[in-house]
Amino acid sequence: MTTAPMTAPAQGTDQIQDAGHVDVLIIGAGVSGIGAAHHLRGKFPDRTFVILDAQDNRGGTWWTHRYPGVRSDSDLFTYGYRFKPWRGPSIAAGGAILDYLDEVISDDDLDQYIRYQHRATAASWSTEDRRWTIEVTRGDTGEQLRFTASFLWMCQGYYNHAKPYRPQWEGLDRFQGTLVHPQRWPEDLDLAGKRVVVIGSGATAATLIPAIAEKAGHVTMLQRSPTYFFAPPTTHELATMLAPLDLPDEWTHEIMRRQYMMQYHWLARTSLDAPDEVHAFLMEAIRPLLPEGFDIGKHFTPRYRPWQQRIAIVPDGDLFAALREGKASVVTDTIETFTEHGIRVSSGEEIPADIVVTATGFNLSVFGDVAFTVDGEPVDFTEHVTWRGVMISGVPNMAYTFGYFRHSWTLRVDLVCDLVERLLSHMQDKGATMVVPTLRPQDKDMQIRPWSDPENFNAGYVMRSQDILFKQGDREPWIHMLEHDEEMETLPKADLDDGSLAYS
Ligand SMILES: Cc1cc2nc3c(=O)[nH]c(=O)nc-3n(C[C@H](O)[C@H](O)[C@H](O)COP(=O)(O)OP(=O)(O)OC[C@H]3O[C@@H](n4cnc5c(N)ncnc54)[C@H](O)[C@@H]3O)c2cc1C
């Protein structure tokens, strides 16, 4: 198999270098991009491809998030790929996930196709030439490169790795302590004996707090409103039962995947059909883990329906152990102002802090902030709709991989890869060099809906960014974000000749 030529030596930063042509250009070397490359290499060994990533290493999320305790909150049997058995405990540390991705890269010899420190800044489609031109800036040398590709596969994730979300708080400039964002954790941060306030109560806060509570003097979780938590064992009891049977890794992987899928499908469905029951179940499950007399109503009773945002997983209840041991505490209130030595909340209480960690989430980024044009026209994604959560109306020869928010992201990676493979084969069979999702006559009066229906999923980072995101319609194939149990049926059967894809 061939690939794009290695980048030519530096010629000066103002000159654009031709970096060659590939059949498929993948943007992103995280879980999605590595999955895409694996599938592509297996299915189309003769096609050329390259993976560009702005970071200096693989892993995306798992490379940029290296704060203490960073771990998955999905089980790794479903967060792992379908094709690569996971051998560890259900919940894994970030480092173990990177090791797993390294194995995939090594198994498939993918390293040779990845170009690190290559940030794509613009992508222009030419119908006349039947190709994308991708402008790239190298992070290490500042060189400008130009790749061309017949098909573009966006695997850029959903948030800006360089600019985490930090609300504007009053008095921030007078705070004398250290301010840290988990996305940029300083390796030399000294926590010993320090009073730490973690702002936020999502998965990041829940993972970070038990990991630093041992070392820090005290950790306060400061949240505006509560999150749902669930505290399963790190190792599933079924995995414990299977262990002595000495099964092939592939079997264990598949059995555990099915077990977790069944659980998550049940949870997703029941959260919609009987939200009060799921709410009561989650509340009762954490009650015995909290210190006696703890105000569960104030601190751990969310205002939204279960599953309307992701449920944060606390393996073996380690966050609650930190609360019981008095190493951590919770304040539920809004920030009035930062002071020199801490944070004052609306009740008037001042929480002293040497270190404040802003686990306040992400800024969503649309397609890696790449500026798209099609035949010279800039693409305003807010005017486009998704085709099955895999392509975009009016944008030719471009697929994107976007995983599930509430299930394991990677479950969708494999499904999308299958569909893209099928589409590329179909184009080949038809002798087509261009495919573009196009509204059919019967879709013209379709109701256009926001990217995410707030009734269905309303996490803050999504709600903050609805106005910059593409849209969806009211019917197949112009909808996305379906549950995994639906999509595992619909995506493999998606009709590529239903008139919604125009081939030429
Ligand atoms: C701390 C944390 C824990 C998480 N835990 C889970 C979990 O347990 N389960 C789950 O399902 N999800 C989890 N997620 C969500 C997670 O982001 C996804 O699971 C998954 O890692 C996304 O993979 P990705 O490859 O699509 O995107 P990313 O991991 O975001 O990787 C995208 C890559 O694309 C590169 N890129 C972006 N734009 C450009 C550009 N213009 N040019 C070149 N390169 C570009 C980036 O540098 C990055 O390396 C977690 C997220 C975080 C932050």
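**Exercise 1. The second largest pocket**

Task: State how many residues line the second largest pocket, and describe where they come from and of what class they are.

Solution. 
Step 1. In this predicted model, 23 residues line the second largest pocket, and those nearest its centre are Phe230, Pro232, Gln263, Tyr264 and Ile313.
Step 2. Two elements, α7 (residues 249-273) and α8 (residues 275-286), each give two or more residues to this lining.
Step 3. The element that gives the most is α7, with 5 residues.
Step 4. Sorted by class, the lining holds 13 nonpolar, 6 polar and 4 charged residues.
Step 5. The volume of the second largest pocket is about 440 Å³.

**Exercise 2. The surroundings of the ligand**

Task: Determine how many residues surround the ligand and which elements contribute to this shell.

Solution. 
Step 1. The ligand is surrounded by 34 residues, of which Ser32, Asp53, Asp73, Ser74 and Tyr79 are the closest.
Step 2. At least two residues of the shell come from each of α1 (31-43), α2 (61-64) and β4 (118-126).
Step 3. With 3 residues, β4 gives the most to the shell.
Step 4. The shell divides by class into 14 nonpolar, 16 polar and 4 charged residues.

**Exercise 3. Backbone contacts and burial of the ligand**

Task: Identify the ligand atom types that lie by the backbone of Val31, of Ala54 and of Ala120, and state what share of the ligand's surface the protein buries.

Solution. 
Step 1. For a polar contact, the two N or O atoms must lie within 3.5 Å of each other.
Step 2. At Val31, a backbone N or O atom is 3.1 Å from an oxygen atom of the ligand.

**Exercise 4. The partners of strand β1**

Task: Find the number of bridges that join β1 to β6 and to β2, and name the residues opposite Ile27 in β6 and in β2.

Solution. 
Step 1. Strand β1 (residues 16-27) pairs with strand β6 (residues 144-154) over 10 bridges, in the parallel sense.
Step 2. In β6, Met154 stands opposite Ile27.
Step 3. Strand β2 (residues 49-52) also runs parallel to β1, and 4 bridges join the two.
Step 4. The bridge partner of Ile27 in β2 is Leu52.

**Exercise 5. Enclosed cavities**

Solution. 
Step 1. By class, the lining of the largest cavity has 9 nonpolar, 5 polar and 3 charged residues.
Step 2. Residues that line the second largest cavity include Gln156, Tyr158, Phe367, Trp451 and Phe470.
Step 3. This second lining has 8 nonpolar and 3 polar residues, and no charged residues.

**Exercise 6. Two backbone details**

Task: Locate the cis peptide bond between Glu476 and Pro477 and the positive phi of Arg388 within the chain.

Solution. 
Step 1. The peptide bond from Glu476 to Pro477 is cis, and its omega is near 0°.
Step 2. Pro477 belongs to the loop between α12 (460-463) and α13 (484-493).
Step 3. Arg388, a residue other than glycine, has a positive phi, near 55°.
Step 4. Arg388 is in the loop between β19 (386-387) and β20 (391-392).

Technical notes: Residues numbered from 1 in each chain as written. Predicted model: local features only at pLDDT ≥ 70, side-chain atom pairs only at ≥ 80, totals over all residues. Heavy atoms only, no water. Near = heavy atom within 4 Å. Polar contact = N/O pair within 3.5 Å; in protein donor to acceptor, adjacent residues only side chain to side chain. Areas by Shrake-Rupley, 256 points an atom, 1.4 Å probe, with all protein chains shown as cover. Nonpolar A, V, L, I, M, F, W, Y, C, P; charged D, E, K, R; others polar. 1 Å grid on protein atoms, 1.4 Å probe; cavity = no way out; pocket = protein on both sides within 12 Å on 5 of 7 lines; lining within 4 Å. Points joined across faces, edges and corners; volume = space filled by probe spheres on them. Pairing = 2+ DSSP bridges.
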